[in-house]
Each structure stands twice: as structure tokens, then as C-alpha cells.
Amino acid sequence: MNEQELLAKVPDRLYIGGAWVDGTSGRSIDVFDPATGEPIKTIADASEADGAAALDAAVAAADDWAATAPRVRGEILRRAFDLLQERRDEFALLMTLEMGKPLAEANGEVTYGGEFLRWFGEEAVRIAGRYATSPEGTGRMIVSQHPVGPCFLITPWNFPLAMATRKIAPALAAGCTVVVKPAALTPLTTLYFAKLLEDAGLPAGVVNVITTSTSGKVSGPIIADPRLRKLSFTGSTEVGRSLLKQSAQNVLRTSMELGGNAPFVVFEDADLDKAVEGAMLAKFRNIGEACTAANRFIVHESVADEFAARVAERVRGMRVGRGTEEGVTIGPLIDQDAVDKAATLLQDAVSRGATVLAGGSRIPGTGTFFEPTVVTDVAAGSDILREEIFGPVLSIVRFADEDEAVRIANDTEFGLVSYVFTKDLARGQRMIERLQTGMMGLNVGVVSNAAAPFGGVKQSGLGREGGLEGIREYLSTKYTLTPDPFGA
């Protein structure tokens with residue numbers, strides 16, 4: 001299937017109450033290919049009234065979906081998984097067109113995103129409670145789990161499929177209905193996924209999708225509506241803080257997957273082959289546009305020069321281009337603002353004495369491309385060590401001993417993920433306890449897995465997605481006391 005045939009299949013309207021509707025704003029959103037700067041599709045732009053209608057639909061469907069047998073909910077998610085495998089080439093191409101990532105990585109996201117459908121389809125039938133005699137022996141305690149209620153899910157632009165499935169799948173498995181608002185930069189994948197859910201037999205109103213260019217105006221009334229019981233957001237810490245304030249009014253359940261500033265620590269005894277390979281994955285996967293991307297490479301002074309030279313050699317061999325082209329490993333950044341940010345942070349580091357070993361420049365011409373870059377001897381206090389760069393720039397700092405490495409790694413308000421490379425098992429265990437992050441990769445450069453809890457500490461967020469913990473975010477716990485059935 002060529003690009004135009006695929007784009008013609010993607011819905012261009014809002015999905016509310018099981019129907020594809022035009023919306024009421026009279027506006028539209030142009031979606032662009034960041035590799036060319038050209039618009040690829042025009043879609044509906046939701047108004048506040050459309051947001052209210054979507055919540056109405058989710059509320060109307062809530063009781064029936066909560067009462068639907070867990071096995072039925074799980075089988076719908078399983079059918080969605082199977083359909084995604086059948087259509088994987090279409091979803092991969094669609095993500096490459098609207099987000100820019102290389103086609104091979106887009107295929108990897110289809111695999112990763114699909115696993116949330118399979119995992120939570122299986123978890124739907126494992127929601128459990130407990131029954132116990134009260135300590136005094138005078139009654140029986142029943143602890144049960146129930147769907148939290150209608151949910152509002154706000155997804156980011158960088159993983160258009162996986163961030164949708166990571167939120168939608170556990171919500172549906174738990175018995176919750178949802179309103180989904182994808183990022184305006186990459187809404188097409190979510191719209192196409194809603195069509196897939198429809199084909200999988202999902203009842204009307206269980207999932208509703210609104211696309212909008214006025215996120216705050218449309219989201220505000222939904223969050224303020226007392227019928228909404230849960231908000232899940234993935235995005236920047238700044239926006240997350242604002243949403244938490246709004247959520248406080250109705251004491252909403254919230255899940256917040258926010259910014260990161262991941263340290264990648266290489267000790268003197270590390271296997272450098274594995275460390276370099278891990279670095280390439282942790283930094284350049286998804287063009288560096290990932291909250292789990294390593295942001296600060298903290299390398300022992302005895303191996304720093306060799307590590308820097310080896311990653312620079314690998315980076316010089318990377319091919320930059322449109323993600324649909326064969327052999328491309330680095331696609332465009334999402335927009336011009338992302339290019340400007342990468343250039344500004346790099347320039348600040350260089351002005352403080354850092355040395356660029358590879359790349360370091362914008363790429364002129366069409367599209368929003370920035371060279372994959374390695375910069376070493378980055379000075380303390382450089383902006384690139386404080387801010388999440390969200391681009392293909394690998395920044396190296398040196399350390400002398402373990403305590404210094406820990407201090408540098410923890411010197412941030414963020415705490416999403418860390419990476420550590422060492423052959424010393426005891427040191428690895430110490431790092432698990434000493435590094436202030438919600439996740440850690442020990443001698444590996446990629447940690448995400450549908451079966452594992454994803455989330456951070458400090459200002460990287462609240463709650464967890466994936467794993468056994470992921471479905472609990474969409475369940476409320478009820479305790480019931482009954483009299484002693486034996487009448488004692």
C-alpha cells in the first residue's frame with residue numbers, strides 16, 4: 001500500500017459514541033510530514049462542545065462496560081492485538097509519515113504497542129480481591145476492585161501508537177470507558193487505532209477520540225466535569241503540574257508520566273562493547289525523542305576518551321533522512337522548535353568549553369533535521385545537563401569515583417530512568433538503591449516492557465503504566481465488612 005492509499009483510509013473526523021462526526025468548531029488541523037514540511041492530511045479540530053459530547057458518550061457507556069464480563073473485555077483486546085499484527089505495516093508507515101521515525105523503529109513500536117493489548121487482555125480476567133476473617137473473629141472482611149469510572153487520556157506525539165495502547169488497554173481491561181486526546185502533531189495513528197478497535201468489536205462509547213488544536217480549552221471543561229474520575233497524562237512536567245492543579249478541584253485519580261533527564265553511568269570496569277551498544281540504543285532510539293532517552297553520559301575518567309571515540313565513530317556512520325528511505329537511522333525532529341532547542345543547548349555547552357566530536361549542526365533544506373551529535377567534556381552547570389534535550393545529542397561528563405557518579409546522576413529534579421554499566425554485581429546492586437529513578441537498566445540500553453511497571457519519581461511523575469501495577473491505576477478498592485456468618 002502506498003502512502004496516499006494509506007492516508008485515505010485514516011479517518012479525518014472525531015470518534016464519539018461509536019460514530020465518526022465532523023465536530024462543531026468549523027476548524028480543521030493540518031498534519032505535517034516533518035521530513036518534508038508538507039501537509040499530509042487535514043482532520044477535524046474539536047471544540048469544547050465536542051469534548052463534552054465525548055465525555056457524555058463515555059459516561060453513557062460506563063455502566064454497561066463495567067458490567068461486561070472480564071473475559072469478554074479481554075477477548076476484545078486480544079482481537080485488537082491480532083488486527084494490529086495484520087495491519088502492522090500500515091501502522092508503521094503511518095507513524096513514520098506523521099512523526100518522522102525510521103520505518104524499522106516504527107515497526108518496533110507496533111510490536112511494543114501491541115504487547116499492551118495482549119498483556120492487559122490477559123490481565124482483565126485476573127482482577128482479584130480478598131476475603132478474610134476479621135482479627136477479632138466477629139465478622140468477615142471482603143476487599144474488592146471496581147472500575148474507577150470514565151477516564152480522560154492525554155497522549156504525546158513521540159510514540160503515537162504505544163502511548164495510546166499503554167493507556168487505553170489497561171483502562172478497558174479494568175472496565176473503564178475513556179476519552180482520548182492525542183497530540184495535534186501526531187493524531188493520525190490514534191484515529192486509525194480507534195477504527196481498529198471498532199473493527200475488533202468494541203461497543204460504542206467505550207473509546208472516544210477527540211483531536212484539537214486548542215488543548216487547554218477543550219481539556220479544561222472535561223477535567224472540571226464531576227463525572228470524570230481519572231486523568232492520565234504523558235508529556236512535559238510543566239504541563240503536568242498545571243493538570244494536577246486542575247485535577248485537585250474534583251480530587252481526580254491521576255497518572256502522570258512526565259519529563260526525564262536520564263543518567264547513563266559507565267564505570268571503569270564496564271564492558272565497553274556493551275556500553276557503546278547500550279548508549280546507541282538509549283540515546284538515538286526514536287531520534288532521541290523519548291522520555292527514556294539517556295540525557296547525561298557520566299563516564300569514568302579512565303575510559304571516557306575511549307568511550308567517546310567509539311560512540312563518535314558509530315555516530316558518524318549513521319544515515320540521516322526521511323524515515324521511509326532504506327538504511328536511514330535518524331529521521332527528522334518533530335518540528336522547528338525541537339531543532340532550535342537542540343542547537344541552543346549544544347551551543348551553550350560549547351561556549352562553556354565542551355568539544356564536539358561528531359555532528360553538531362542543523363541540516364539545511366526541507367524538513368527539520370539535526371545531525372546526530374557527540375559532545376564531550378561538558379562542564380557542570382551547562383544547560384544541556386539540566387534540560388531534557390529530546391534530540392540526537394549525546395553529552396559526556398567525567399567522574400572519578402562512585403560517590404561522584406551518584407551525585408551527578410541524582411543532581412536533577414527528574415527521576416524517570418537511569419542506565420548503569422558495570423561488571424561488579426555488588427556495585428550494580430548499590431546503584432539500584434542509590435540512584436533516584438523509578439526504572440533502571442543494568443547493562444542494558446532499553447528498559448521498556450509491557451509486563452513491567454513504567455514510571456518515575458520526583459518530578460518525573462506519579463503512578464505506573466504497564467505490568468501488574470498498570471491496571472491498578474484504573475481500579476478503586478472497596479472494603480466491606482459482613483457479620484460473622486456463624487452468628488458467633
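## Strand β17 and its partners

In β17, Thr376 is the bridge partner of Thr355, where strands are DSSP runs of E with at least two residues and helices are runs of H or I with at least four, both numbered from the N terminus. The model is a predicted one, in which local features need pLDDT of at least 70 and side-chain atom pairs count only at pLDDT 80 or more, whereas totals for chains, interfaces and linings use all residues. Residues are numbered from 1 along each chain as its sequence is written, and side-chain values use heavy atoms, with hydrogens and water left out.

Strands β14 and β17 pair in the antiparallel sense over three bridges, pairing being assigned if DSSP finds at least two bridges between two strands. With β18, strand β17 pairs in the parallel sense, also over three bridges, and there Thr373 has Val393 as its bridge partner. In a regular strand the side chains alternate between the two faces of the sheet. From β17 (residues 373-376), Thr373 and Val375 point one way and Val374 and Thr376 the other way, and all are buried, that is, under 20% relative accessible area, with exposed meaning over 50% and partly exposed in between, for a 1.4 Å probe and protein chains only.

## The seven-stranded sheet

These strands belong to an open sheet of seven, in the order β14-β17-β18-β13-β12-β20-β21, with mixed pairing. Because β14 (355-358) and β21 (439-442) stand at the edges with a single partner strand each, one side of each is left without a neighbour in the sheet. Neighbouring strands of this sheet are turned by 25° against each other on average, direction ignored; axes are lines fitted to C-alpha atoms, for helices over the stretch in contact, and angles run from 0 to 180 degrees between N-to-C directions.

Strands β13 (residues 294-300) and β18 (residues 393-399) run parallel and are joined by four bridges, with Ile298 opposite Val397 in β18. Helix α14 (residues 402-410) packs on the sheet, touching β12 (262-266), β13 and β18, and its direction makes about 140° with that of β18; contact here means heavy atoms within 4.5 Å. On its other listed pairing, β13 meets β12 in the parallel sense over five bridges, and Ala262 stands opposite Ala294 in β13. Five of the five residues of β12 are buried: Ala262, Phe264 and Val266 point one way, and Pro263 and Val265 the other way.

## Cysteines

The count of disulfides, taken as pairs of cysteine sulfur atoms within 2.5 Å, comes to zero. The sulfur of Cys151 has its closest cysteine sulfur in Cys176, at 4.0 Å, which is too far for a bond. Cys151 is buried, with a relative accessible area of 0%, and Cys291 also counts as buried, at 12%.

## Pocket and cavities

Grid points are joined across faces, edges and corners, and a volume is the space filled by probe spheres set on the points.

The largest pocket has a volume of about 1,300 Å³, and of its 49 lining residues Trp157, Phe233, Gly235, Ser236 and Val239 are the closest to its centre. Helix α9 gives the most to this lining, with seven residues. There are four cavities of 30 Å³ or more, and the largest cavity holds about 60 Å³. Of the 15 residues lining the largest cavity, Pro263, Ala409, Thr412, Phe414 and Thr437 lie nearest its centre, and β12, α14 and β19 (414-415) are the elements that give two or more residues to that lining.

Definitions and conventions: 1 Å grid on protein atoms, 1.4 Å probe; cavity = no way out; pocket = protein on both sides within 12 Å on 5 of 7 lines; lining within 4 Å.
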